[in-house]
Amino acid sequence: MKSINIKKIDDVSFISIVNNKGLSIVLSTFGASIFQLETIDHLNRLESIVLTPDSLNDFYYSDAYFGKCVGRFSGRINNGVCKIDGKQYVLDKNWNDMHSLHGGKDGISFKNFDYEIKENKEYVDVIFKYLELEDLLPGDVNYKITYRISFLKNEFTIFFNAISNKDTLINLTNHAYFNLSGNIKKTILDHKLKLNCDYYTDLDETLITKEIKPVDKIMDFRRFKKIGKDIFNPQIHDAAYKGYDHCFIRQNKSKNNDVIAILKDPLSKRKLTVKTSYPSIVCYTCNYPANITINGNKINQHQSICLECQYIPNGINMENVNKAIFKANEIYEEYITYQFDN
Ligand code: BGC
C-alpha cells in the first residue's frame, strides 16, 4: 500500500514515501536530500540502492554530500574566483584550501529547508524551500526544489527552481551515491553504464574542469560498458582523481529523448534511467571514499556512483560554454528524472 509518513529529529524532517509499485524513499529537509532509497530487484526484493551513512551527523555534515542537493553551484570553481558582469568574486576554498566546491562551506547542502506536501492520485510533490541571502556571490536566491514521486510508475523527478534578485551563478544538482546491487552487495565495477554523450571535459591534477574533448576509448560510454573496464587504466587511475570524476556532455536533446544516462546491474537486474533538461552530467565513482560507516562497514573505493546532472562545473571560468549565470529575476528551471526498472 502507498503511504506517506513524517518523522522529526531535532529540527530536521524525514518524509517517507512508499508508492505501491516497488519504490520506497525517505527525503530529508536537510539539504533537500534523499536520505534513503529502496527499489525492488528482479525477485521483487526491496533493497537499498543509495549510500546512507549510519550516523546522522555524517549524513548532515560529511563533505561527501550523501544524497544532498548541491548549490548555489556544483563542482569546483578554480581558485574560488569567478567573474559576474565584469566584477570579480572571491569564494571560500573549502576543497583542500585550493578551490571552492559544491557551493562552498555554507552551501545549500547544509541548510534545513522548509517543506510542504501536495498529493493527488498520480503523484505526491514534496516541495522544499529555502532563501539564501547574499554572501560571497551576488544576490539573494530563493530555491524551490520539488521531488515528484509517482504512484503509477517506479520513478521520481526533482524539479529545481530558483530565482535571484541580482545576476548570479546558479548550478544545482543532486549528489546521491547509487549502487544498484542492493544493500551494497558489491562495488559498482560490474555495473554497466551508457551515456548519451559524445564529449567530456578533461581535468587538471587539481580536478579542475579544463577543455572539452571528444570521448576517447576510456571515456566512451555511448554503448553499455562495464564501469570497471577502463577504470584502472593509468590514464585515469594514476591521475589525481583515481577513477571517473568527469563531466560528460550530452548529444543534443530531442523532444522525445531526454535520456542522458542508463545504469544497469546485471545481478539484481535493476536498471536506472536518468533523464534531464541539463546539458551535462558529472559521473563520480566514489574514488575518495569518505571515512564513514554504513551498516557498520567502512565504505570502499568504487562502491557507488554519483550521476550529477548539471551545467559544466567551472564553466563560469571557461570560454565558449554555458556559464550558468542567471539574470536578476530570471527563472532557473531544470529537472532530473530517475526511472527504475527491474
Ligand atoms: C566531485 C568529487 C568530490 C565529491 C564529494 C563530486 O561531485 O566531483 O571530486 O570528491 O563530489 O565531494
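**The ligand site and its surroundings**

A: Asp-63, Tyr-65, Arg-76, Leu-101, His-102, His-175, Tyr-177, Leu-207, Asp-245, Tyr-284 and Glu-308 surround the ligand (each has a heavy atom within 4 Å of it). The model is predicted: local features need pLDDT of at least 70, side-chain atom pairs need 80 or more, and totals for chains, interfaces and linings use all residues. Numbering starts from 1 along each chain as its sequence is written, and side-chain values use heavy atoms, without hydrogens or water.

Take the shell by class. Five of its residues are nonpolar, two are polar and four are charged. Here Asp, Glu, Lys and Arg count as charged; Ala, Val, Leu, Ile, Met, Phe, Trp, Tyr, Cys and Pro as nonpolar; the others, Gly among them, as polar.

Now the polar contacts (pairs of N or O atoms within 3.5 Å). Asp-245 places a side-chain N or O atom 2.4 Å from a ligand oxygen. For His-102, a side-chain N or O atom is 3.0 Å from an oxygen of the ligand. Asp-63 uses its backbone instead: an N or O atom there lies 2.9 Å from a ligand oxygen. The ligand taken alone exposes 310 Å², and the protein buries 91% of that (Shrake-Rupley areas, 1.4 Å probe).

Next, the strands (DSSP runs of E, at least two residues, numbered from the N terminus; two strands pair if DSSP finds at least two bridges between them). Tyr-177 leads from the shell into β17, residues 177-178. Strand β17 belongs to an open sheet of six strands, ordered β17-β28-β25-β22-β19-β20, with antiparallel pairing. Its edges are β17 and β20 (209-214), and each pairs on one side only. At the β20 end, β19 (residues 197-203) pairs antiparallel with β20 over four bridges. There, Tyr-199 faces Pro-214 of β20.

Follow the chain from β17 toward β18 (192-195). The loop between them holds Ile-184. Ile-184 has a positive phi, near 50 degrees. Most residues other than glycine have a negative phi, and most peptide bonds are trans.

The peptide bond from Gly-71 to Arg-72 is cis, with omega near 0 degrees.

Two hairpins complete the picture. In one, β11 (residues 114-119) and β12 (residues 123-132) pair antiparallel over six bridges. Three residues link β11 to β12. Glu-119 has Val-124 of β12 as its bridge partner.

Val-259 stands opposite Lys-275 in β24. Six residues lie between these strands, and Lys-269 in this hairpin takes a positive phi near 65 degrees. Strand β24 also pairs antiparallel with β30 (residues 332-341), over six bridges. In that pairing, Val-274 is opposite Tyr-338 of β30.

How values were computed:
Polar contact = N/O pair within 3.5 Å; in protein donor to acceptor, adjacent residues only side chain to side chain.
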